[in-house]
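Have the sequence and the model open side by side.

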Amino acid sequence: MTDKTMTPDEVAGRLRSGMTLGIGGWGSRRKPMALVRALLRSEITDLTVVSYGGPDVGLLAAAGRIRRLIAPFATLDSIPLEPHFRAAREAGALALTEYDEAMFMWGLHAAANRLPFLPVRAGLGSDVMRVNPQLRTVTSPYDDGEEFTAVPALRMDAALVHLNRADRLGNAQYLGPDPYFDDLFCEAADTAYVSCEQLVESAELLKSGPPQSLLVSRHAVTGVVETPNGAHFTSCVPDYDRDEAFQRLYATTPWPRFAARFLSGAGEHDYQSAVRTWQEEQR
């Protein structure tokens with residue numbers, strides 16, 4: 001058995017410019033924000049990002065790190081459209097491959113199963129086919145002769161996900177209501193890094209929830225990072241809800257000012273300290 005524990009900056013040190021990077025979570029929910037912030041402290045750029053987009057996309061887009069985004073949306077949930085993504089897109093700062101949510105999911109399934117594509121009904125008859133002229137259709141070889149969209153596999157060089165609990169071997173557990181396809185991101189990537197709210201002994205994972213809550217298996221994990229509050233400002237239910245006040249600050253503050261106050265420190269501790277100082281100012 002191998003101890004796979006790492007720091008956020010050690011994870012960033014394993015990544016390279018030009019990679020295709022998957023980021024788990026959904027919108028502004030259980031995003032691996034501490035790992036994204038570590039990425040921002042590095043010089044890595046020219047990324048192709050694969051994500052059910054939220055502030056992970058917004059931060060990287062505002063910092064100019066994304067070359068292409070592959071996503072069905074980019075939202076902060078309570079704020080419908082991620083503002084920094086929108087600004088980058090309107091400025092032509094990044095390319096966009098936009099899929100239907102179901103197409104995106106089956107692209108992950110195809111990659112996780114090492115298939116070149118999977119046939120799906122989603123997308124047919126919609127503008128998804130118009131805005132993605134490279135997509136192809138396939139015809140069923142059986143008597144039905146039905147036509148399907150051939151969704152290409154979303155293979156990734158690396159994936160970043162955040163779970164509630166994990167052990168040092170790379171087994172990881174979600175305790176909230178939704179897995180957000182984090183297991184597929186890990187399976188679809190060549191390397192996968194899991195941050196968690198708390199590292200526990202392997203036996204404790206079985207006591208914390210039912211077996212199906214053990215979402216991510218160690219065989220798909222390269223590194224594990226303990227990052228309490230590491231999904232902030234997104235939610236990580238049941239450990240904490242989304243920090244709506246801070247999210248509004250993020251969405252309405254000019255990027256240079258936000259980055260200077262909250263993202264200019266030497267590590268995750270500096271970010272968390274800056275957030276606590278801001279919260280105290282609001283009282």
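Which residues line the second largest cavity? They are Arg 29, Arg 30, Gly 176, Pro 177, Asp 178, Tyr 180, Ser 235, Cys 236 and Val 237. A cavity is a set of points, on a 1 Å grid over the protein atoms alone, where a 1.4 Å probe fits but cannot get out; lining residues have an atom within 4 Å of a point. This cavity has a volume of about 60 Å³, the volume being the space filled by probe spheres set on the points. Its lining divides into 4 nonpolar, 2 polar and 3 charged residues; Tyr and Cys count as nonpolar here, and Gly as polar.

This is a predicted model: local features need pLDDT of at least 70, side-chain atom pairs count only at pLDDT 80 or more, and totals for chains, interfaces and linings use all residues. Residues are numbered from 1 along each chain as its sequence is written, and side-chain values use heavy atoms, without hydrogens and water.

The largest cavity has a volume of about 70 Å³. Helix 2 (33-41) and helix 11 (268-281) each supply at least two residues of its lining. Helices are DSSP runs of H or I, at least four residues; strands are runs of E, at least two.

Now turn to strand 8 (residues 156-166). Strands pair if DSSP finds at least two bridges between them. Strand 8 runs parallel to strand 10 (residues 189-199), with 9 bridges. There, Leu 160 stands opposite Tyr 193.

Key: 1 Å grid on protein atoms, 1.4 Å probe; cavity = no way out; pocket = protein on both sides within 12 Å on 5 of 7 lines; lining within 4 Å.
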